[in-house]
Amino acid sequence: MEPNSIRPDDGQQASDKESYSLKELGGDILDVLETVFVAFFFVTLVFTFLFCIANVEGDSMVPTLQDSDRLVVSRLSKNYDDGDILIIYGGTSYMFDASGTLRPNPGLNKRIVKRLIAQGGQEVNIDFSAGVVYVDGTALDEPYISGPTRRDYQSFQYPFTVPEGYVFVLGDNRSISKDSRHPDVGLVAVDDIVGKVIIRILPLSKAGRVN
């Protein structure tokens, strides 16, 4: 055989190698696309049913939260503890009428962030002259508030017992917060609670758990 001769099947082998490489590339691209799709689906699922992101608007939760803070909210449990910070859909305000019956009224029609003070079956009382909130006869220790609770919007006759299925919430900035004291918020139905704030992610200088 001459030194420069080419066997008849050499061209076919080169073609097969090139064809195989293209198939491999196509397979790799499909694998990457599948991974991206699965990851996107998983993240969407998590942030639809398990967690969500909320932005703070306004100063009603100062000093705990600031305007433009970005928060991660857990939807995992509907069991909340007094003192938890909640994201609430304030579409409906529940107030007692003259006969003592709880009635729905138009609310703020937006999401708000407030602190859980009392739940169904607990008695709420506020001494506005002293600026102290009581739950079941015990004065709350509230190191998180900006000042005493002195502002009364005349929405409730205190003390009163929170009906089952509802919660009483307050903002930490008691002098300006529009919360359960105000007729636009009133008592909040448990079904209107979006979830519990667990961590702050922005600004980065304050990232971490929120209490």
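In this predicted model, K196 has a relative accessibility of 27% and therefore counts as partly exposed, since the partly exposed class lies between the limits of 20% for buried and 50% for exposed. D84, by contrast, has a relative accessible area of 11% and is buried. The side chains of K196 and D84 meet in a salt bridge, with 3.6 Å from N to O. Because K196 belongs to strand β13 while D84 sits in the loop between β2 and β3 (85-89), this pair ties together parts that are 112 residues apart in sequence.

The structure holds seven salt bridges, and another of them joins D69 to R200, whose closest N and O atoms are 2.7 Å apart. D69 lies in the loop between β1 (51-55) and β2 (70-74) and R200 in strand β13 (residues 193-202), so that the contact links parts 131 residues apart in sequence. Both D69 and R200 are buried.

A further salt bridge brings together the side chains of R174 and E142, at 2.7 Å from N to O. Since R174 is in the loop between β11 and β12 and E142 in the loop between β9 (138-139) and β10 (160-161), the pair ties together parts that are 32 residues apart in sequence. Both R174 and E142 are buried.

Strand β11 (residues 166-170) is largely enclosed by the rest of the structure, because five of its five residues are buried. Y166, F168 and L170 point one way from β11, and V167 and V169 the other way. Strand β6 (residues 111-119) pairs with β11 in the antiparallel sense over four bridges, with Q119 standing opposite V167. β11 also pairs in the antiparallel sense with strand β12 (residues 188-189), over two bridges, and here Y166 stands opposite A189.

Conventions:
Residues are numbered from 1 along each chain as its sequence is written. This is a predicted model: local features need pLDDT of at least 70, side-chain atom pairs count only at pLDDT 80 or more; totals for chains, interfaces and linings use all residues. Side-chain values use heavy atoms; hydrogens and water are left out. Buried means under 20% relative accessible area, exposed over 50%, partly exposed in between (1.4 Å probe, protein chains only). Two strands pair if DSSP finds at least two bridges between them. A salt bridge is a side-chain nitrogen of Lys or Arg within 4 Å of a carboxyl oxygen of Asp or Glu.
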